[in-house]
Structure formats: C-alpha cells, structure tokens
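Have the torsion angles at hand as you read.

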Amino acid sequence: MRIFVATVVLALLTSACSAGSSVSVPADPDAISIGFTAEPANLDFTRTDGAAIPQALLYNVYQGLVKLDPDGKIGPSLAREWTVSEDRKTYDFQLQPNVTFSNGQPFTAQDVKFSVERVKTAWTISLKSKMDVVDRVDVVDPTHARVILKRPSNNWLFDMTTRVGAMFSPSGVADLANTPVGTGPYVFATRKRGDSIVLRANPSYWGRKPTYTTVYLKYYKDPTALNNALLSNGIDVISAVTTPDSIRQFETDTRFTVLQGTTNSEVTLSFNNARAPLNDKRIRQALMYAIDRKAVMATVAADRGTLIGSMVPPTDPWYEDLNGIYPHDPVRARALLAEAGQPNPRLRLRVANLPYAVNSAQVVASQLADVGVSVSIEPLDFPAVWLKQVFTDHDFDMSIIQHVEARDIVTFGNPKYYWGYDSPKVRELLTQADVGTPQRQVEAMKEIARTITDDAAADWLFLFPNVVAARTKVTGLARNQVSESFDLTGLGRQ
C-alpha cells in the first residue's frame with residue numbers, strides 16, 4: 001500500500017482503551033525505549049499493508065542493497081557500490097563481504113536473486129508492483145549480483161530503499177509474521193501484542209555496532225499517556241509528538257531535546273472517485289473550494305505543518321506549490337454543487353481513529369456544512385478495520401489518512417487503488433517519467449501533480465511535521481522522517 005498510512009506515525013484516539021505500554025524497562029544505560037502510536041498488526045510487511053511494520057523493522061532488522069539517508073539521498077547498505085549500464089537497464093551490485101543473516105546463514109548474491117524474485121511471486125501487498133520492471137537477476141559470483149530491467153526506470157533504485165528492497169534468507173521466511181530474519185544491526189527478540197516489541201543488538205552484525213544493545217519499541221493508544229511516559233522517564237524518545245499543543249512542555253523543559261523537521265506524510269482527504277456522487281468532478285471541486293486548509297492545519301497541527309496543495313512534498317525534485325489552485329471560496333463551492341444538481345449532498349467520512357484524522361474530520365465536516373454538505377464522521381479502528389473497509393473494500397465516500405511513503409503520487413496511476421481515480425493521461429505521464437531522462441521525469445511529474453489537482457482527485461490538507469522529543473542524553477536522532485524506517489542505526493548517547 002503506497003499509502004503511508006507507513007503505514008502511520010500517530011496515536012490512536014481511544015480513551016476507553018488502556019493508556020498504553022506496560023512493559024517495565026530496567027534502568028540500563030545500554031538500553032533505549034522509544035514511544036510509538038501505530039502498532040504493527042503483525043511483523044510481515046510482505047503480506048500486510050501499513051507503515052508500522054517497516055517503521056519498526058526496516059534498516060533495523062531488515063536491510064536492502066541501498067537505503068535513504070536523512071536528506072533523502074540514496075546510499076549504500078548491503079551493496080557497498082554499484083554501477084549502471086549506459087542504457088540504464090543493468091545494475092551491477094558489489095555486495096558487502098562476510099554478511100550473515102540472524103539465523104546464521106551467509107548473505108550472498110543468491111539471496112538477492114531470491115529476495116527480488118520473491119516480491120513478484122510471494123508478496124501480496126500492492127507495492128509488489130514496483131518489481132514488475134525487473135526482467136531477471138543474475139548471480140555473477142557470491143558477492144556480485146546483476147539486476148536486468150525490462151526498460152530504463154528512474155524509480156527502481158529509489159524503490160529499492162523501501163520495504164520492497166529488503167533482503168531475505170530462503171531459510172528465514174517460514175514465519176515472517178512472528179519471526180523476522182534479517183541482516184541488520186538488531187534482531188527481533190520478543191513482542192507483547194498491544195504493548196511492545198523488543199529488539200536486541202545483533203552479535204554477528206557486519207557493520208558498525210549500535211550504541212544501544214536493547215531497544216524497546218513501546219506502543220501507546222492514548223497520546224496523553226505517550227507524553228506522560230516521556231515526562232516521567234518511562235521512555236527516552238517520542239518518535240512523533242502527536243498533540244501539537246503539548247510540544248511546548250518539552251521545549252521549555254531542559255531535560256528534553258525537541259527536533260522539528262519535515263516528512264513525506266501528506267494528510268489527505270481522500271475522495272472515492274469511482275462512486276457517486278464523488279465521481280462527478282464538479283462535486284469534488286466544490287469540496288476543495290469549501291475547505292480552508294490553513295484553518296485545518298492550525299487546529300490539528302498548531303500551524304507546524306506545511307501547506308502543499310498536491311501529493312508532492314517539498315523534498316521531491318518536482319515539487320510545485322499548488323495551493324492557489326483551490327483557494328477557500330464557499331461561494332464558488334455552492335455554485336458548483338448547484339451546477340452538479342447536488343446542492344445538499346450527504347457524505348460518509350470514514351477516518352482512522354487517530355487524533356490527527358479525527359480532529360481534521362471535525363474541522364472539515366464543519367466547513368462543508370457551511371456550503372450545504374452533510375457529513376457523518378465514522379472513526380474506524382486503525383489499522384485493521386480501516387484497512388479492510390476503506391482501503392481494501394473501498395466502502396467510503398471520503399476518508400482522512402496520512403500517506404507517508406515517499407513519492408506516493410504514483411498511486412494515482414492505479415485505478416484499483418482505494419480512491420478509484422482512473423486517468424489514462426496520468427498513466428502515460430508516469431511511464432514517460434520513469435523511462436525518460438531525469439529532466440523529462442521532473443517535467444512529467446509536475447504535469448501529473450497539476451492534472452490530479454485540477455481533477456480534484458483528493459484534497460491534500462497539509463504536510464505533517466516531524467516533531468521528535470527525547471531525553472537530552474539521546475543523540476543522533478534524525479530531524480527529517482523521509483523513509484519508511486525509524487532508523488535506529490544513528491542513535492547515540494551523551
């Protein structure tokens with residue numbers, strides 16, 4: 001699922017549920033505890049959509065040939081170097097020597113072949129299509145893998161930094177939902193469902209040893225409980241502060257460091273383009289004019305986000321500020337609804353029961369009511385119920401979710417994706433962007449962004465900020481969250 005939804009780094013708003021993690025963490029200088037909000041449903045991101053699994057495991061337990069650095073640049077990982085042929089179809093990867101999986105099996109070019117081919121044959125999530133461009137993988141020798149593409153692709157190497165590029169051992173895929181086996185600096189130790197995941201330093205790790213030998217990933221259903229856990233030294237880091245009005249309490253306390261950066265996380269008001277009445281472009285456009293995105297961001301994120309006006313964050317090379325396309329104009333919204341013969345439509349807004357989504361929904365519903373649109377808000381348990389009913393079954397009129405994966409504008413080229421947008425023009429432009437020169441890629445991607453915005457395919461409310469709060473002893477935290485992983489490898493201590 002190209003959605004973020006990675007997918008998502010925000011808290012569940014369920015006051016009737018338990019406050020959160022109950023695992024007792026010992027006072028160990030070699031251990032670190034990090035608070036999260038969206039818990040993985042299981043540990044198998046090859047068959048389960050959502051961002052929470054790669055957030056915990058990618059780069060930490062699983063590694064790929066390449067990875068994204070905090071600035072969004074592609075760097076080496078299990079491949080120490082690589083070359084690309086002149087026709088841009090052949091990639092030769094020279095692998096790191098003496099790498100082993102956590103089950104003791106050596107990592108070789110044969111595992112590269114197995115892992116890449118397995119995406120096509122065994123993966124079930126929609127992201128598997130990113131490997132369709134691969135023709136074959138040749139094992140040149142144990143430390144040299146050659147990947148041959150069917151055609152040039154500007155996207156493929158970047159996609160290899162995501163979960164689809166994770167390397168697996170043939171002997172380690174029998175129970176991925178419960179027992180991940182990777183080459184990373186950490187190995188999976190235990191999981192307490194509804195509470196925590198524990199990772200231990202990999203004693204046979206091939207690279208630089210991590211600073212912390214034990215990592216507790218602790219999950220909280222209530223954002224207040226998450227904040228209190230840091231204030232009371234129950235955890236060392238909040239991976240993403242989810243209640244903007246609480247940030248100040250950490251900024252003014254010398255015990256803590258607060259970092260604010262950017263993300264790929266577009267908070268998106270999704271429209272079901274394939275179902276009446278939102279299959280009418282005029283109605284979708286009316287909704288766009290009716291919504292004051294600046295007011296939404298002020299209420300939900302205390303003005304800490306970024307208004308982007310499209311599915312493209314400023315960190316992408318084809319970003320353009322398209323906020324001016326649909327200014328807040330209730331008069332124009334009412335006129336379009338009348339023109340479409342739907343002056344008072346009734347719509348279901350089915351959202352993940354995450355604080356940012358529920359809070360956004362309340363503002364959106366109020367603004368739409370001002371132009372005659374009746375909105376019923378239905379919070380759905382996330383991830384399980386939202387993924388089933390909205391993402392898989394497409395049973396919704398509108399939804400709100402963060403799309404956190406990088407360069408996920410490509411989802412608008414898939415008519416079967418949950419918002420049902422079908423544009424032959426966009427599909428052709430995506431092909432041109434992928435196979436063309438880098439300059440043509442930028443031109444085509446800009447045109448795609450303008451096209452889906454003009455079509456009002458969705459409403460991109462704002463880009464969520466990355467706000468991390470941590471005890472001052474913790475160093476090496478990334479300011480920006482631009483990959484699917486909460487990368488533990490750079491963490492240190494004072």
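Ala456 sits in the loop between helix 12 (438-454) and strand 17 (458-463). Helices here are DSSP runs of H or I with at least four residues, strands are E runs of at least two, and both are numbered from the N terminus. This is a predicted model, where local features need pLDDT of at least 70, side-chain atom pairs count only at pLDDT 80 or more, and totals for chains, interfaces and linings use all residues. Residues are numbered from 1 along each chain as its sequence is written, and side-chain values use heavy atoms, with hydrogens and water left out.

Most non-glycine residues have a negative phi, and most peptide bonds are trans. Ala456 also counts as buried because its relative accessibility is 0% (buried is under 20% relative accessible area, exposed over 50%, partly exposed in between, with a 1.4 Å probe and protein chains only).

Arg407 is another non-glycine residue with a positive phi, about 55 degrees. Look for Arg407 in the loop between strand 16 (398-403) and helix 11 (424-435). With a relative accessibility of 19%, Arg407 counts as buried.

Now for the peptide bonds. Going from Phe382 to Pro383, the bond is cis, with omega near 10 degrees; Pro383 belongs to the loop between strand 15 (374-380) and helix 10 (384-392). The bond from Ala276 to Pro277 is cis too, with omega near 0 degrees. Pro277 is in the loop that runs between strand 13 (266-271) and helix 6 (281-290).
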